[in-house]
Amino acid sequence: AQIAFWAFFFLLSATAFGWLMHMLREELRARHRGARLAVARALTERLVKVVGLQIGLLVVGVVQGVAKRDYPRVYATACFSLSLLMAWFFAVAIDEVAEVDVHAAAARMRLRPIEAAALFFSGCVVLSGLGLYVISEQSSPRRGIAQAAGNALFLSIILAYCCIIRIVWVAR
């Protein structure tokens, strides 16, 4: 079951995320024709913050040591790192491309069901990542706990992707 899950996830990543990235790039180019440099700077600024945090995670992981018995901790750290990138990617898709004003819509309770689902599952990605961060900071976490949290993250990513692809497709 675990092998089938990973095979499905990697197949999804290789095809679907590549397609969504292409769609996001084309949509951003079309919408921000005159202000490409400003938009690129803003998006890059956000991404640099994420990458900076990931470099910090790498340093912390190396300082804690890497041995065979540390697999659950290293796995949790890698999954947390992935959750940061996915949260950034989903935020770009929802905020920049689909132009959903999340704060205003949530305050007025005027989110469409698909937007609410996308925000919910994106929040699940963030919360799963937070749980994985807590697991990664333990000196010797249990393997089953780390795998369960990782599976929750990957399921959240898949469900958030399904909702976000619909929002972006409609926004086009």
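**The kinked helix and its partners**

Modeller: Please bear in mind that this is a predicted model. Helix α1 has a kink of about 30°, centred on serine 13.

Colleague: How far apart are the end C-alpha atoms of α1, and what span should its residues give?

Modeller: The end C-alpha atoms of α1, which covers residues 2-31, are 41 Å apart.

Colleague: Which residues of α1 are buried?

Modeller: The buried residues of α1 are Trp6, Phe9, Leu12, Ala16, Phe17, Leu20, Met23, Leu24, Glu27 and Leu28.

Colleague: Turning to packing, at what angle do the axes of α1 and α3 cross?

Modeller: The axes of α1 and α3 (residues 71-97) cross at roughly 35° and come within 11 Å. The crossing of these two helices is left-handed.

Colleague: Which residues make that contact?

Modeller: From α1, the contact uses Trp6, Phe17, Leu20, Met21, Leu24, Glu27, Leu28 and Arg31. The residues of α3 are Tyr75, Met86, Phe89, Phe90, Val92, Ala93, Glu96 and Val97. By class, the contact of α1 with α3 has 13 nonpolar and three charged residues, with no polar ones.

Colleague: And α6, how does α1 pass it?

Modeller: α1 passes α6 in a left-handed crossing. The residues of this contact divide into 20 nonpolar, two polar and two charged. The axes of α1 and α6 (residues 143-171) come within 10 Å and cross at roughly 30°.

Colleague: A change of topic: is serine 128 buried or exposed?

Modeller: Serine 128 is buried, because its relative accessible area is 14%, and the cut-off for buried is under 20%. This serine lies in helix α5, residues 113-136.

Colleague: What does serine 128 touch beyond its neighbours up to four places away in sequence?

Modeller: With those neighbours left out, serine 128 touches Ala149, Ala152, Leu153 and Ser156.

Colleague: Finally, the whole chain. How many helices and strands are there?

Modeller: The protein has six helices and zero strands. Of its 172 residues, 40% count as buried.

Colleague: And what share of contacts joins residues at least 24 apart?

Modeller: Among contacts between residues at least 6 apart in sequence, 84% join residues at least 24 apart.

Definitions and conventions. Residues are numbered from 1 along each chain as its sequence is written. This is a predicted model: local features need pLDDT of at least 70, side-chain atom pairs count only at pLDDT 80 or more; totals for chains, interfaces and linings use all residues. Side-chain values use heavy atoms; hydrogens and water are left out. Helices (H or I, at least four residues) and strands (E, at least two) are DSSP runs, numbered from the N terminus. Buried means under 20% relative accessible area, exposed over 50%, partly exposed in between (1.4 Å probe, protein chains only). Contact means heavy atoms within 4.5 Å. The expected span of a helix is 1.5 Å times one less than its number of residues. The bend at a residue is the angle between axes fitted to the seven residues ending there and the seven starting there. Axes are lines fitted to C-alpha atoms, for helices over the stretch in contact, and angles run from 0 to 180 degrees between N-to-C directions. A crossing is left-handed if the near helix is turned anticlockwise from the far one by less than a right angle, and right-handed if clockwise. Ala, Val, Leu, Ile, Met, Phe, Trp, Tyr, Cys and Pro count as nonpolar, Asp, Glu, Lys and Arg as charged, and the others, Gly among them, as polar.
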